[in-house]
Amino acid sequence: TTAYVGDTLQLNIQAWQSWEGNDRSYATVFGRYSDADLTSGTTEGAGRDPGSSTDAMYAETPKFTQAGTFYWAMRVSYGIGNDFFFDASRAEWSDLALALPSSASLSIEVSALSDPTSASAAANGQTQIDLTWSKWNSREVMIVRSADASFTAPTANTDYSVGQSIGGDEVVYRGSAESFSDTGLSPGTIYYYKAYSENYNYYSAGATANA
């Protein structure tokens, strides 16, 4: 699947109903960044247990916080203390994969967010600037206004609202449109803007425009 920074994916697990008379098995999903066997690297959240009932056979990944390769592993328990781990660097995965589609994988490639394209700003009278842009991949956009060309980057995993400050800059728009009119401005003043693609409170590097 295609994933981006800020996304959370659902992993579907099918476990055996029982094994040699023991309780129903269960699976716990773990995720790590850039670590195929989960022995090192950055842990992305705790294990996720799909549960032991027929209506709880899935687990969500933690929210992806950076671009790169994420690996997940599954720990299967059969109710008698014998746990079996399956991860990308172990031979057992090839055995497990025999029962799965040929595209089965234990890694997810997470991509960075791209900026809105064709960002532009144009004065409309003495106190208004009209902004236009094209959304990237249908993602919502956040527009920040600055008094100079220096911008403070938004903090990842932070929910901003219109009127809120980011450093010395102000959020003037957030939404799904592709145009916005910034009004009530001072005549004879250059205003600088940066348009960010947004995905679950994670942001792209930003595209700039001024007028």
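Student: What should I know before I start?

Tutor: This is a predicted model, in which local features need pLDDT of at least 70 and side-chain atom pairs count only at pLDDT 80 or more, while totals for chains, interfaces and linings use all residues. Residues are numbered from 1 along each chain as its sequence is written, and side-chain values use heavy atoms, with hydrogens and water left out.

Student: How do you know how confident the predictor is in the protein chain?

Tutor: By pLDDT, the predictor's confidence in each residue, from 0 to 100. The mean pLDDT of the protein chain is 80, and 64% of its residues reach 70 or more. Over residues 97-101, however, the pLDDT is below 50, and beyond near neighbours in sequence this stretch has one contact (heavy atoms within 4.5 Å) in the model. Where pLDDT is low, the predicted coordinates should not be read in detail.

Student: Good to know! Now, why is R139 called buried?

Tutor: Buried means under 20% relative accessible area, exposed means over 50%, and partly exposed is in between (1.4 Å probe, protein chains only). R139 has a relative accessible area of 16%, so R139 is buried.

Student: Where is R139 found, and what does R139 touch?

Tutor: R139 is in the loop between β10 (129-134) and β11 (140-146). Strands (E, at least two residues) and helices (H or I, at least four) are DSSP runs, numbered from the N terminus. Not counting residues up to four places away in sequence, R139 touches Y4, D7, E198 and N199. R139 and S176 are 37 residues apart in sequence, with 7.2 Å between their C-alpha atoms.

Student: What makes the meeting of R139 and N199 a polar contact?

Tutor: A polar contact is a pair of N or O atoms within 3.5 Å; within protein, one must be able to donate a hydrogen and the other to accept it, and residues adjacent in sequence count only if both atoms are side-chain atoms. The side chains of R139 and N199 make such a contact at 3.1 Å. The side chain of R139 also reaches the backbone oxygen of N137, at 3.0 Å.

Student: What makes E170 and R145 a salt bridge?

Tutor: Their side chains meet at 2.9 Å, N to O, so the pair falls within the 4 Å cut-off. This pair links distant parts of the chain, with E170 in strand β13 and R145 in strand β11, 25 residues apart. At 30% relative accessibility E170 counts as partly exposed, whereas R145, at 18%, counts as buried. A network of salt bridges links R145, E170 and D182.

Student: Which salt bridges does R174 make?

Tutor: The side chain of R174 meets D159 at 2.6 Å, N to O, and E198 at 3.1 Å, N to O. E198 lies in strand β15 (residues 192-199) and R174 in strand β13, so their pair ties together parts that are 24 residues apart in sequence. E198 counts as buried at 8% relative accessibility, R174 is partly exposed at 21%, and D159 is exposed at 52%. The structure holds four salt bridges.

Student: Why is the aromatic pair of W133 and Y173 called tilted?

Tutor: Rings of Phe, Tyr and Trp (its six-membered ring) pair if their centres lie within 6.5 Å; planes under 30 degrees apart count as stacked, over 60 as edge-to-face and the rest as tilted. W133 and Y173 lie 5.5 Å apart, centre to centre, with 50° between the planes, so they are a tilted pair. W133 lies in strand β10 and Y173 in strand β13 (residues 169-175), so the pair ties together parts that are 40 residues apart in sequence. Y173 and F180 also form a tilted pair, at 5.4 Å and 35°. Ring pairs link W133, Y173 and F180 into a cluster.

Student: How do you know that V162 is exposed?

Tutor: V162 has a relative accessible area of 54%, so V162 passes the 50% cut-off. V162 is found in the loop between β11 and β12 (165-166), and touches V171, V172, Y173 and R174, not counting residues up to four places away in sequence.
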